[in-house]
Amino acid sequence: HPKFQGCPFTSAAAELRDPANPARGLALAHKRMVRDRLRALAVAAGAADPDRLCAQLQLLMEGAYAAGRALDLGPGNDAVASAAAALIDGACGQARP
């Protein structure tokens with residue numbers, strides 16, 4: 001979408017460097033909440049190493065946010081979804097066709 005500006009929490013955390021800034025604290029708390037949710041999902045999916053899968057998925061998400069701002073991947077591009085599926089399948093012991 002032409003108005004997409006990436007994740008506002010990522011932008012806030014990057015731009016507000018003062019650790020005492022309450023908005024920075026909220027942005028970082030949101031990122032921790034996302035990490036915790038991804039880890040819980042990785043455990044529920046039976047990942048061999050839930051912490052590793054969680055970190056991989058969160059990095060993929062952050063990269064997708066940045067790419068969405070800088071690249072025109074076009075609607076229907078499944079690069080992020082297919083990368084996530086490969087990570088999940090690999091972590092949960094399932095081979096991709």
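Reader: What does the accessible surface come to, and what share belongs to carbon and sulfur atoms?
Author: This is a predicted model. Its accessible surface comes to about 6600 Å², and carbon and sulfur atoms hold 61% of that.

Reader: And what percentage of the residues is buried?
Author: Of the 97 residues in the protein, 24% are buried.

Reader: How many helices and strands?
Author: Four helices and zero strands. Along the sequence the pattern reads α-α-α-α.

Reader: Which residues form the largest nonpolar core?
Author: Ten residues: Val34, Leu38, Ala42, Ala47, Leu53, Cys54, Leu57, Ala84, Ala91 and Cys92. Helices H2, H3 and H4 (79–91) each supply at least two residues of this core.

Reader: Take Ala47 from that list. What does Ala47 touch?
Author: Leaving out residues up to four places away in sequence, Ala47 touches Ala42, Leu53, Ala91 and Cys92.

Reader: Switching to voids. How many cavities of 30 Å³ or more turn up?
Author: One, from a search of the whole structure. The space in the largest cavity is about 40 Å³.

Reader: What lines the largest cavity?
Author: His30, Lys31, Val34, Gln58, Met61, Glu62 and Tyr65. By class, that lining has three nonpolar, two polar and two charged residues.

Reader: Which helices supply the lining?
Author: H2 (22–45) and H3 (50–70), with at least two residues each. H3 has the largest share, four residues.

Reader: Now Arg39. Which helix is Arg39 in?
Author: Arg39 is found in H2.

Reader: Why does Arg39 count as partly exposed?
Author: Because its relative accessibility is 35%, and partly exposed runs between the 20% cut-off for buried and the 50% cut-off for exposed.

Reader: What does Arg39 touch, skipping residues up to four places away in sequence?
Author: Pro50, Asp51 and Cys54.

Reader: How far is Arg39 from Leu53, in sequence and in space?
Author: Arg39 and Leu53 are 14 residues apart in sequence, and their C-alpha atoms are 7.6 Å apart.

Note on methods: Residues numbered from 1 in each chain as written. Predicted model: local features only at pLDDT ≥ 70, side-chain atom pairs only at ≥ 80, totals over all residues. Heavy atoms only, no water. 1 Å grid on protein atoms, 1.4 Å probe; cavity = no way out; pocket = protein on both sides within 12 Å on 5 of 7 lines; lining within 4 Å. Points joined across faces, edges and corners; volume = space filled by probe spheres on them. Nonpolar A, V, L, I, M, F, W, Y, C, P; charged D, E, K, R; others polar. Buried < 20%, exposed > 50% of the residue type's maximum accessible area, 1.4 Å probe, protein only. Areas by Shrake-Rupley, 256 points an atom, 1.4 Å probe, with all protein chains shown as cover. Core = buried A, V, L, I, M, F, W, Y, C linked by side-chain atoms within 4.5 Å. Contact = heavy atoms within 4.5 Å.
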